[in-house]
Amino acid sequence: MTEAQKLMPKVDSMALGATDLHVSQLGIGTWAWGDRFVWGYGQGGYTDEDLKKSFDATLAAGINFFDTAELYGFPSHQSEKLLGQFKQSTTQPVIIASKFFPLPWRFMKGQLISALKGSLRRLKMDRLDLYQIHWPTPRVPLERWMEALADAVEAGLTRTVGVSNYSTEQMRRAHEVLAKRGVPLASNQVEYSLLERAPERNGLLAACRELNITLIAYSPLAMGRLTGKYTPDNLPTGMRKRWYTPEHLMSIQPLIARLREIGEIHGNKTPAQVALNWTICKGTIPIPGAKNMRQTQDNAGALGWYLTPDEVASLDAAADLAK
């Protein structure tokens, strides 16, 4: 073990739902690995070398969970390919989740199995750890995809299964169909952060707790807004510049200030680290992105400590005022 690794915080693990698959309390989302449209991959911002260093730093920090999808880096599926390549370079355990995209041309159960086999080839794996339906679709009965996921488990192609972007009602139906096949629904991956708290308000988070389904929180830093980096005078680049107005960024500055205040109490934690710890304290697994080693190390600083209940409540209140 290196001196740097000795200084890293102890990373607790947790089971995904009612399965026997245990993952680190925080994972890494790899949407940006190969994405040119939103994140600018290959356009001067970051390279494959940066991503490899990020991957290595993630494992060194004790984080073992990576989330990808066949859609990331489409049409070349670059995210899965890079993750598969990086995984070959280490003997450390790596837990990988990927996703099946059901729109717009897929209607049959067998197409999910074919897509899963394609992901396994790109990831250089014989069996995936977690396979998820990326989005619900009105064109195909939900039950059909759940039966396909159960088939995938029985075929030994994935250890566990989950869904993504499913409503409370859809998740309950998915859980029921899988239960009849003896397969637990491990997770529901949805957007969740201090600036996107719909899962708290629409009953989804409560239903996850009731059914023992893990909520995996994507965009837990609200696509960079909770890092404190962006202000009305310093807007993000690319597509995100169109999404976040100076007025909105102004409205969240009191929340950013509160994140900084709490971070100082906990040993000069960054706003991002406090925001990620907030999602962990809510009982979820956040999967922030990481395009370089610096972002990976910042993510890892969210682990090994916990906000107090009063601090969580104060952040809830500050977030309620953001618009």
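Q: Where in the predicted model is Ala 302 placed?

A: The model is a prediction. Ala 302 sits in the loop that links α13 (293-300) to α14 (309-320).

Q: Is Ala 302 buried or exposed?

A: The term buried applies under 20% relative accessible area. Ala 302 has a relative accessibility of 1%, so it counts as buried.

Q: Which residues is Ala 302 in contact with, leaving aside its neighbours within four places in sequence?

A: Ala 302 contacts Leu 26, Gln 273, Leu 276, Asn 277 and Ile 280. As for Gly 62, 240 residues away along the chain, its C-alpha atom is separated from that of Ala 302 by 12 Å.

Q: What share of the contacts in the protein between residues at least 6 apart in sequence joins residues at least 24 apart?

A: The share is 76%. As to burial, 55% of the 323 residues count as buried.

Q: How many helices and strands does the protein have?

A: The secondary structure comes to 14 helices and ten strands. Along the principal axes, the C-alpha atoms fill a box of roughly 50 × 40 × 40 Å.

Q: In what order do the strands of the open sheet run?

A: A sheet is read strand by strand, through the pairing. Here eight strands form an open sheet with parallel pairing, in the order β3-β4-β5-β6-β7-β8-β9-β10. At the edges are β3 (28-29) and β10 (285-286), each of which pairs on one side only.

Q: How many bridges pair β6 and β7, and in which sense?

A: Five bridges pair β6 with β7, in the parallel sense. Leu 128 is found opposite Thr 158 of β7. Helix α6 packs on the sheet, where it touches β7 and β8, and its direction makes about 160° with that of β8.

Q: Which strands are joined to β8 by bridges?

A: Strand β7 (residues 158-164) runs parallel to β8 and is joined to it by four bridges. Strand β9 (residues 214-218) also pairs with β8 in the parallel sense, over five bridges. Asn 188 of β8 is the bridge partner of Val 163, and Asn 188 also stands opposite Leu 215 in β9.

Q: How far does helix α5 (residues 142-154) reach from its first C-alpha to its last?

A: The span of a helix can be set against its residue count. Helix α5 has 13 residues and reaches 19 Å, close to the 18 Å expected at 1.5 Å a residue.

Q: Which residues of α5 are buried, and what do they pack against?

A: An α-helix has 3.6 residues a turn, so residues three or four places apart point the same way. In α5 the buried residues are Leu 142, Trp 145, Met 146, Ala 148, Leu 149, Ala 150 and Ala 152. They pack against β5 (95-100), α4 (109-123), β6 (128-133), β7 and α6. Just after α5 comes Gly 156, with a positive phi of about 75°.

Q: Which residues have a positive phi of about 60° without being a glycine?

A: Backbone angles are read residue by residue. Lys 124 has a positive phi of about 60° and is not a glycine. Its place is the loop between α4 and β6, and Lys 124 is partly exposed, with a relative accessible area of 48%. Asn 212 likewise has a positive phi of about 60° and is not a glycine. The loop between α8 (204-211) and β9 holds Asn 212, which is partly exposed at 42% relative accessibility.

Q: Which residues does the cis peptide bond join?

A: The bond joins Phe 74 and Pro 75, with omega about 10°. Pro 75 lies in the loop between β4 (65-67) and α3 (78-87). His 77 lies in the loop between β4 and α3 too. With a relative accessible area of 16%, His 77 is buried. Not counting residues up to four places away in sequence, His 77 touches Glu 70, Tyr 72 and Arg 122.

How values were computed. Residues are numbered from 1 along each chain as its sequence is written. This is a predicted model: local features need pLDDT of at least 70, side-chain atom pairs count only at pLDDT 80 or more; totals for chains, interfaces and linings use all residues. Side-chain values use heavy atoms; hydrogens and water are left out. Two strands pair if DSSP finds at least two bridges between them. Helices (H or I, at least four residues) and strands (E, at least two) are DSSP runs, numbered from the N terminus. The expected span of a helix is 1.5 Å times one less than its number of residues. Buried means under 20% relative accessible area, exposed over 50%, partly exposed in between (1.4 Å probe, protein chains only). Contact means heavy atoms within 4.5 Å. Axes are lines fitted to C-alpha atoms, for helices over the stretch in contact, and angles run from 0 to 180 degrees between N-to-C directions.
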